[in-house]
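Got your viewer open and ready to click around? Load the model shown here, and let's walk through it one selection at a time.

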Amino acid sequence: LKFQFSMETLVSFGTLTAYSYSVYRMLNGHIDVYYDTSSMIIAFVLLGKFLENASKSKASQTIKKLFELQAKKATILDNNQEKVIEVDDLKINDLVVVKAGEKIPADGLIVDGYSYIDESMLTGESLAVEKKESSKVYSATINQEGRFIFKVTAVGDDTALSKIIELVEKAQEEKTDTQKLADKISTWFIPVVLIIALATGLFWFLSGAALNIVLLNAISVLVVACPCALGLATPMATFVAIDKAAEMGIILKNSSLLEELNKIDTIVFDKTGTLTESKMTVKEIKVLNNLIEEKLLF
């Protein structure tokens, strides 16, 4: 096992020593104890962890929604007979039949048939894409019309949708540069604080102070140095930001991109489809040849 200092190490030292000192004072008949200090520090840390886990849970709902986009059943050709199976049972090179209105259960290549497929959930393109023999089709996209047969080329974690889900999961797990810096600083910061605390206690001890004064001053250094905000605020803010981005349809490849967003002054999109709501609407009506709009629409 590799031991490494972290933010929690200093919190543990601070609360444990404050609690132990309070027990020592209480057993010696003193009423000025510091149970409240230990309790407040631990409560603050637990609250931060709770909020962090809550944001993780909320962010995971985005991933769950992506999973829900996938088809649950697939119709395959088995000896020229259609057979309905679970999507998890699909294998590479299986021939799958897709009818109008059905979701495509896996990635593949069309071998027979012709149709238009709604791929907006992958590309943002509002118009259905024409598909014919040798065209690629993707898991969870929707067949708009017609019937076709495709050969499975990717299943499970190898599909385009699964790779998108994997990107979201990795973005949530990966630490930002700030978090990495905080961890790096804590490796050196905590030993320094411990040394200062010991030096403070030693100084008061050599000065002839009473034992309770020696302990109080040494413990004060540990408690005051607890870097609760640095250790908790950064990851919590990261998870919330990633979740909000996912809700708006923005998937970040890694968390470190969050810290680069403030430097962006121009965004270039490859096509207008990525900016639509995937729904065709009438924006304006112009009436020609002296017709009345109300009569025309009626």
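Are Glu119 and Lys131 buried or exposed? Both Glu119 and Lys131 are buried, where buried means under 20% relative accessible area, exposed means over 50%, and partly exposed is in between (1.4 Å probe, protein chains only).

Before you click on, some ground rules. This is a predicted model, in which local features need pLDDT of at least 70 and side-chain atom pairs count only at pLDDT 80 or more, while totals for chains, interfaces and linings use all residues. Residues are numbered from 1 along each chain as its sequence is written, and side-chain values use heavy atoms, leaving out hydrogens and water.

**Stop 1: the whole chain**

Switch to cartoon view. The chain has 8 helices and 9 strands; these are DSSP runs, numbered from the N terminus (helices are H or I with at least four residues, strands are E with at least two). Of the 298 residues in the chain, 33% are buried.

**Stop 2: salt bridges**

Keep Glu119 and Lys131 selected and show their side chains. They form a salt bridge, with the closest N and O atoms 2.9 Å apart. The term means a side-chain nitrogen of Lys or Arg within 4 Å of a carboxyl oxygen of Asp or Glu. Glu119 is in the loop between β5 (115–118) and α3 (120–123), and Lys131 is in strand β6 (residues 129–131), so the pair ties together parts that are 12 residues apart in sequence.

How many salt bridges does the structure hold? There are 4. For another, select Glu82 and Lys99, whose side chains meet at 3.6 Å, N to O. Glu82 belongs to strand β2 and Lys99 to the loop between β3 (95–98) and β4 (107–113), so this bridge ties together parts that are 17 residues apart in sequence. Glu82 is partly exposed at 41% relative accessibility, and Lys99 is partly exposed at 37%.

**Stop 3: a hairpin**

Now select β1 and β2. These strands pair in the antiparallel sense over 6 bridges; strands count as paired if DSSP finds at least two bridges between them. Lys73 stands opposite Glu86 in β2, and the side chains of Glu86 and Lys73 also meet in a salt bridge (2.4 Å, N to O). Glu86 lies in β2 (residues 81–86) and Lys73 in β1 (residues 73–78), so the pair ties together parts 13 residues apart in sequence. Check the turn too: the hairpin has 2 residues between its strands, and Asn79 takes a positive phi near 55°.

**Stop 4: the sheet**

Zoom out and color the strands. Which order do the strands of the 6-strand open sheet follow? The order is β2-β1-β3-β9-β4-β7, with antiparallel pairing. Strands of a sheet pair through backbone hydrogen bonds, either parallel or antiparallel. β2 and β7 (136–137) stand at the edges with a single partner strand each, so one side of each is left without a neighbour in the sheet.

**Stop 5: the cores**

Select Leu90, Val96, Ile104, Val137, Phe148 and Phe150. These have the most contacts inside the largest nonpolar core, which has 16 residues. Such a core is a set of buried Ala, Val, Leu, Ile, Met, Phe, Trp, Tyr and Cys residues joined through side-chain atoms within 4.5 Å. The elements giving two or more residues to this core are β1, β3 and β9 (148–154), and β9 gives the largest share, 3 residues. Apart from this core lies another, of 8 residues, among them Val11, Ala18, Ile41 and Ile219.

**Stop 6**

Finish with α6 (residues 211–224). Its 14 residues reach 20 Å from first C-alpha to last, close to the 20 Å expected at 1.5 Å a residue (the expected span is 1.5 Å times one less than the number of residues). Highlight its buried residues: Val214, Ala218, Ile219, Leu222 and Val223. Seen down the axis of α6, they fall within an arc of 155°, so they line one face of the helix; the arc is that of the directions from the helix axis to the C-beta atoms.

Last click: α1 (residues 7–27), with 21 residues, reaches 31 Å from its first C-alpha to its last, close to the expected 30 Å. Just after α1, Gly29 takes a positive phi of about 85°.
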